[in-house]
Amino acid sequence: ELSELEIEADNVFMTRSGLNRLRRDAVHVLREVIIAANTPEPCVRAACAAPVRIPVKKAVVVNVPLEAKLAPDICGIADAVVFQPVDYNELTAPECPKPKYLKLPIFASERDLFILRSGMEIIKQFDGVYASNPYAVQFARENGLKYIAGWQLNITNSFSAGVYSDAEYIISSVEENTAGCILYKGGRIPLMTLVHCPYKDIGGSCDKCAYDGELYFTDDRNKKLLVKRYRLSRCYFELIDGAPVSNPAVTQGAYYDLMYFGTSEINDFINGNLFEKPPKNSFRGLK
């Protein structure tokens, strides 16, 4: 902190307004230097350069629940498997002969990041992480982890793909089949993440948790939406659309999200029958 400045000079005169302007300019430059020194390099700056040609990887990437013992069957189909936990406080690295990635949550507070960093020894037993949010990309880069750039990053063109050119795989946005990226083949899409417990909103409490996995929301058009919970420093809830997205036109290089499918639907996927025709708007067999 600069508390005093003394200048020795002969016959120098400066108006008060000029001196004030000099002071303002110096403070402005100092402020910019301090901000630059304490701000992480934004990963989006790479997008200001020319678009990057992304090498096409015709891989099959499948997202499954970490707690479900599906790896042996899924690994026969997938080139890489993404495991999504229900409780990040109880992480384990499953056995899987194919590259396995841990799906980081789309929302994470500072307390959540503390929990994730505390579990780094287990996280490094995975081959990398799946990033749904720019924080997760930075988390991977800072910890020397490989990562998959997820479809939630809204990758719709070569500029946005170029931001994540260091990713092992890049998943195109659901809304756009981006050249060079793995395309979204099918899954049930989370519409939003709730940071407040819906049970507490109606008088519930953590010590008498009423959540049993069977929570649904029905809108004014009688459309049924599933509400699923995951845990970090607190409980988060995701609102899941019951109508699956299915893109039968995708034949090579596909991303399948099986997180919100029941056992019978996953068996249909293993047998090659699930996404060849649009799945029904239901949560068949999902608990």
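Modeller: One definition to begin with: two strands count as paired when DSSP finds at least two bridges between them. Take Y101, which stands opposite G128 in β4. Strand β3 (residues 100-103) and strand β4 (residues 128-131) are joined by three bridges, in the parallel sense. Keep in mind that this is a predicted model.

Colleague: Then how far can the model be trusted, and in which part of the chain is confidence lowest?

Modeller: The general rule is that where pLDDT is low, the predicted coordinates should not be read in detail. In this chain the mean pLDDT is 81, and 85% of the residues reach 70 or more. Confidence is lowest in helix α2 (residues 71-74), with a mean of 66, and highest in β4, with 96. Two stretches need caution. Over residues 43-49 pLDDT stays under 50, and the model has seven contacts for them beyond four places in sequence. Over residues 281-287 pLDDT also stays under 50, with 29 such contacts in the model.

Colleague: Back to the strands. In what order do the nine strands of the open sheet lie?

Modeller: The order is β6-β5-β4-β3-β2-β1-β13-β7-β12, with mixed pairing. The edge strands are β6 (169-170) and β12 (245-246), each of which pairs on one side only. At one end, strand β5 (residues 147-149) pairs with β6 in the parallel sense over two bridges, and I148 stands opposite Y169.

Colleague: In which sense do β4 and β5 pair, and through which helix does the chain cross from β4 to β5?

Modeller: β4 and β5 are parallel, with three bridges; V129 has Y147 in β5 as its bridge partner. Between the two strands the chain passes through helix α5 (residues 134-142), and this β-α-β crossover is right-handed.

Colleague: Which residues of α5 are buried?

Modeller: The general idea is that an α-helix has 3.6 residues a turn, so residues three or four places apart point the same way. In α5 the buried residues are Y135, A136, V137, F139 and A140. They pack against α3 (110-118), α4 (120-123), β4 and β5. Just after α5, G144 takes a positive phi of about 65°.

Colleague: How should I read a nonpolar core, and how many residues has the largest one here?

Modeller: In soluble globular proteins, nonpolar side chains tend to be buried together. The largest nonpolar core of this model has 46 residues, and V62, I74, Y147 and Y164 have the most contacts inside it. Its largest share, five residues, comes from α5. Apart from it lies another core, of 14 residues, among them Y101, Y130, I171 and I189.

Colleague: Take Y164. Is Y164 buried or exposed?

Modeller: The cut-off for buried is under 20% relative accessible area. Y164 is at 6%, so it counts as buried. Its place is in the loop between α6 (158-163) and β6. Beyond its neighbours within four places in sequence, Y164 is in contact with P134, V137, R141, Y147, A149, L153, I155 and I170. For Y147, the residues touched beyond four places in sequence include Y101, V129, V137, R141 and Y164.

Colleague: Why is strand β7 described as largely enclosed?

Modeller: Strand β7 (residues 183-187) has five of its five residues buried, so the rest of the structure largely encloses it. On one hand, β7 pairs with strand β13 (residues 254-257) in the parallel sense over four bridges, and L183 stands opposite A254. On the other, β7 runs antiparallel to β12, joined by two bridges, and G187 has V245 as its bridge partner.

Colleague: There is also a sheet of four strands. In what order do they lie?

Modeller: The order is β8-β11-β10-β9, an open sheet with antiparallel pairing. β8 (190-194) and β9 (215-218) have a single partner strand each, so one side of each is left without a neighbour in the sheet. From one strand to the next the twist averages 30°. β8 pairs with strand β11 (residues 235-241) over four bridges in the antiparallel sense, and L194 has F237 in β11 as its bridge partner.

How values were computed:
Residues numbered from 1 in each chain as written. Predicted model: local features only at pLDDT ≥ 70, side-chain atom pairs only at ≥ 80, totals over all residues. Heavy atoms only, no water. Right-handed = clockwise from strand over helix to strand, strands pointing away. Axes fitted to C-alpha atoms, helices over the stretch in contact; angles between N-to-C directions. Buried < 20%, exposed > 50% of the residue type's maximum accessible area, 1.4 Å probe, protein only. Contact = heavy atoms within 4.5 Å. pLDDT = per-residue confidence, 0-100. Core = buried A, V, L, I, M, F, W, Y, C linked by side-chain atoms within 4.5 Å.
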